[in-house]
Amino acid sequence: MLRRLPFLLLALGLSAYAAEGRPLLSLQPEIVRPGDPVLITVRGLTEAPTGTLGERPLRFYPVREGFQAVTGMPVEQVVGPVPVKVTAPAGATPVELSATLNVVAAGWPSRTLKVANKFVKPPPPEIQARMDQDKAAFAAAFAQPFAPPQFGENFAWPRQGRITAPYGDLRTYNGKKQSQHYGTDVDGAIGTPVYAANAGTVVMTRDNFAAGNTVMVHHGAGLYTTYFHLSAMEVKDGQRVERGQLLGKVGNTGRVTGPHLHWGVKVDDMWVDGETLLKLDFSDAPPAVTQRDKE
């Protein structure tokens, strides 16, 4: 009950705003950890507001009866309160809305993994050149212009299976190289189908050195999902996909210890926890925007 208190107080405040006919500010999730995506909704507006989460600017898009912004909490975020401030245009006197997100400890696990030495030793020039090309390809795919959501539903698992490594894992490779896991690993046999977590546009189908065969989908609203280590890719760059559409098949390409799907989520240039994204309610979002709608 105590953990829910800040959100309950916020909800009571919103009820008071509603009675006065003022804009309403709501936040998801109720309890936030470093690495979590955050959904901010402002209802009762006809013009886009501006705002910040901590020091990070928010990018709002229109939804029914207001506007939304989706962003993330950095993995480096320290535990404690983080302010949310929104300025809503309301005639000659803008309305200032504010709330506080309380960040709790992430509690990430740590593990030691064994992979082929070529993935942890300093790479030879030809491999370094390939990795540089991969980095440039990812940067280009992630550089899509900000646009309204292409989806009209909540996000769903790309496949059902046992989670073998959650987001945030602290990892040591072959007793030396340390890193953090910025995705969710889902177990599966080679050839098992992998589906789109939501509607969007494919912006990458590529064989990458570490990620292996990769599909990336841009969902609008600054949101991307990635699907690594595939044995087969069943879509093409530029293709429109719907939630639940086949993207590819589970594999063991790239830097892996065995067959699985690595599912990643990126928003506002931050890798965030996909399991938390699945809990966000985008029910206020407008119908999906397609390329045909834009034309």
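Predicted model: local features only at pLDDT ≥ 70, side-chain atom pairs only at ≥ 80, totals over all residues.
**Ala-221**

Ala-221 is buried, with a relative accessible area of 2%. I call Ala-221 buried because 2% falls under the 20% cut-off. I then found its place in the chain: Ala-221 sits in the loop between S16 and S17.

**Pro-145, across from Ala-221**

Pro-145 and Ala-221 are 76 residues apart along the chain, and their C-alpha atoms are separated by 9.4 Å. Pro-145 belongs to the loop between H2 and S10. Is Pro-145 buried or exposed? Pro-145 is exposed, at a relative accessible area of 59%, whereas Ala-221 is buried.

**Glu-65**

I looked up another positive phi. Glu-65 has phi near 65 degrees, and Glu-65 is not a glycine. This residue lies in the loop between S5 and strand S6 (66-72). Glu-65 is exposed, with a relative accessible area of 66%. I put Glu-65 in the exposed class because 66% is over the 50% cut-off.

**Pro-29**

I also noted a cis peptide bond, which joins Gln-28 and Pro-29, with omega about 0 degrees. Pro-29 is in the loop between strand S1 (24-28) and strand S2 (37-43).

**The cores**

The largest nonpolar core has 31 residues. Which residues have the most contacts inside it? They are Phe-155, Val-215, Leu-223, Tyr-227, Leu-247 and Phe-282. Five strands each supply at least two residues of this core: S5 (61-63), S16 (212-220), S17 (223-230), S21 (260-267) and S22 (270-272). The largest share, 4 residues, comes from S21.

Leaving out residues up to four places away in sequence, Val-215 touches Val-202, Met-204, Thr-205, Thr-225, Thr-226, Tyr-227, Leu-230, Met-233, Val-235 and Leu-247. Tyr-227 and Leu-247 are on the list of residues with the most contacts inside the core as well.

A second, separate core has 22 residues, among them Leu-27, Val-32, Phe-60 and Val-103. As a reminder to myself, nonpolar side chains tend to be buried together in soluble globular proteins.

**Arg-159**

A charged residue came next. Arg-159 is in the loop between helix H2 (125-141) and strand S10 (163-165), and Pro-145 is in the loop between H2 and S10 too. Arg-159 is buried yet has no salt bridge. How far away is the nearest side chain of opposite charge? That side chain belongs to Asp-187 and is 6.7 Å away. I count no salt bridge here because 6.7 Å is outside the 4 Å cut-off.

The backbone of Asp-187 is another matter: the side chain of Arg-159 reaches its oxygen at 2.7 Å. I listed the other neighbours as well. Not counting residues up to four places away in sequence, Arg-159 touches Val-186, Asp-187, Gly-188, Thr-192, Pro-193, Val-194, Val-250 and Leu-261.

**The whole chain**

I finished with the totals. The chain holds 4 helices and 22 strands. Of its 295 residues, 46% are buried. Among contacts between residues at least 6 apart in sequence, 67% join residues at least 24 apart. The chain exposes about 14200 Å², and carbon and sulfur atoms supply 53% of that area.

Terms used:
Residues numbered from 1 in each chain as written. Heavy atoms only, no water. Core = buried A, V, L, I, M, F, W, Y, C linked by side-chain atoms within 4.5 Å. Buried < 20%, exposed > 50% of the residue type's maximum accessible area, 1.4 Å probe, protein only. Contact = heavy atoms within 4.5 Å. Lys, Arg positive; Asp, Glu negative; His and termini not counted. Polar contact = N/O pair within 3.5 Å; in protein donor to acceptor, adjacent residues only side chain to side chain. Areas by Shrake-Rupley, 256 points an atom, 1.4 Å probe, with all protein chains shown as cover.
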